[in-house]
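Student: Can you walk me through this one? I have not looked at it before.
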Number of protein chains: 2
Amino acid sequence: MDEARLKYLEEFGLMFGQFGLPRMLGRVLGVLMISDPPERSAEELAEELAASRGSISQTTRSLIQMGLVQRRSKPGERRDYFRVKPGAWHEIMRREMEALGAFRKTAERGLELLGSEDPDARRSLEEMRDFYVYWEREMPAVLERWEKERG
Amino acid sequence: MDEARLKYLEEFGLMFGQFGLPRMLGRVLGVLMISDPPERSAEELAEELAASRGSISQTTRSLIQMGLVQRRSKPGERRDYFRVKPGAWHEIMRREMEALGAFRKTAERGLELLGSEDPDARRSLEEMRDFYVYWEREMPAVLERWEKERG
DNA sequence: CAATATTTTCAGTAATTATTGAAATATATG
DNA sequence: CATATATTTCAATAATTACTGAAAATATTG
């Protein structure tokens with residue numbers, strides 16, 4: 001792998017890092033995104049990223065669990081191959097949107113906690129709740145439209 | 001502060017942690033969200049969260065920088081007070097949406113890197129780029145509608 | 001401008017999280 | 001079913017990130 005590509009993978013890793021996810025997750029997804037052919041074995045991933053087998057195993061498992069990567073096996077071959085799952089980025093977004101519900105619920109729990117305290121004290125939590133209620137209502141349509149146009 | 005509230009703040013902290021942000025950020029924002037009156041001095045924050053002054057200073061700075069919290073001073077008082085900025089959650093979302101541009105650019109950079117390689121190899125990056133182009137186009141309208149209805 | 005109160009900075013430390021590598025487990029082949 | 005190959009698990013370690021606390025800087029009062 002040439003230097004430009006390694007640098008690109010590091011960028012991919014950092015992008016995921018900013019997100020609070022392990023860099024290795026981004027690096028592995030990055031390799032798969034630029035692979036030609038578009039699939040790689042665990043061994044190839046380990047070699048290209050100078051990472052341990054264990055780390056690749058853990059990372060591919062996470063990526064599969066997150067719905068971003070597919071594992072494939074071929075008849076007559078022992079090793080498995082990994083490839084980016086079509087719709088991976090949509091899936092990332094879909095999961096983020098699911099997380100909105102957690103924010104709304106946290107706001108609601110806070111309002112219960114405050115009870116009938118001074119309305120001033122409740123205002124921030126009410127705004128938070130209303131905001132996430134709004135987004136939970138709006139997001140599905142945007143996601144669905146993408147799926148209809150492209151999925 | 002009673003136990004139920006401390007537990008709630010810890011929850012707030014964990015919610016931010018999932019996001020890849022320091023828990024302390026969530027805890028401090030949490031205190032301010034449930035404060036009555038809705039503002040607190042650095043000293044009060046440090047005491048309520050059993051955290052160091054330095055940590056509170058760093059955290060309030062971050063929260064202000066992120067556009068989530070306001071610093072206020074009062075005439076005749078030396079200490080500053082902090083309160084949740086109205087529209088804080090909208091601001092969080094707005095920043096996330098800005099980050100979409102970085103994803104699109106990363107995809108574009110990858111496509112440059114691949115050049116005219118096998119279309120199969122380019123497919124994942126093209127899908128990534130198209131996806132983020134779509135979201136960059138769609139999100140602003142949703143954000144603006146909230147502002148119009150509520151801001 | 002001296003005295004006091006408050007905030008910030010930052011080096012050191014603590015806590016957390018990511019990664020390795022070797023052993024254990026699983027899977028495919030002849 | 002023995003052998004070879006591939007993958008997973010997990011304890012140990014490395015790397016990173018968060019937090020403290022004391023010293024320095026800043027701001028306010030009389």
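Tutor: One term to begin with: a residue is near a molecule or strand if one of its heavy atoms lies within 4 Å of it. This is a predicted model, where local features need pLDDT of at least 70, side-chain atom pairs count only at pLDDT 80 or more, and totals for chains, interfaces and linings use all residues. Residues are numbered from 1 along each chain as its sequence is written, chains are lettered from A and ligands numbered from 1 in the order in which they are written, and side-chain values use heavy atoms, with hydrogens and water left out.

Student: How many residues surround DNA strand C?
Tutor: DNA strand C has 20 residues around it. The closest are S52(A), R61(B), R71(B), R78(B) and R79(B). Of the atoms of DNA strand C that come within 4 Å of the protein, sugar and phosphate make up 75%.

Student: What classes are those residues near DNA strand C?
Tutor: The surface there has 9 charged, 6 polar and 5 nonpolar residues. Asp, Glu, Lys and Arg count as charged; Ala, Val, Leu, Ile, Met, Phe, Trp, Tyr, Cys and Pro as nonpolar; the others, Gly among them, as polar.

Student: And which helix gives the largest share of that surface?
Tutor: Helix 4 of chain B, with 4 residues. Helices (H or I, at least four residues) and strands (E, at least two) are DSSP runs, numbered from the N terminus.

Student: New topic. How do strand 2 and strand 3 of chain A pair?
Tutor: They run antiparallel, with 5 bridges between residues 69-73 and residues 80-84. Two strands pair if DSSP finds at least two bridges between them. V69(A) has V84(A) as its bridge partner.
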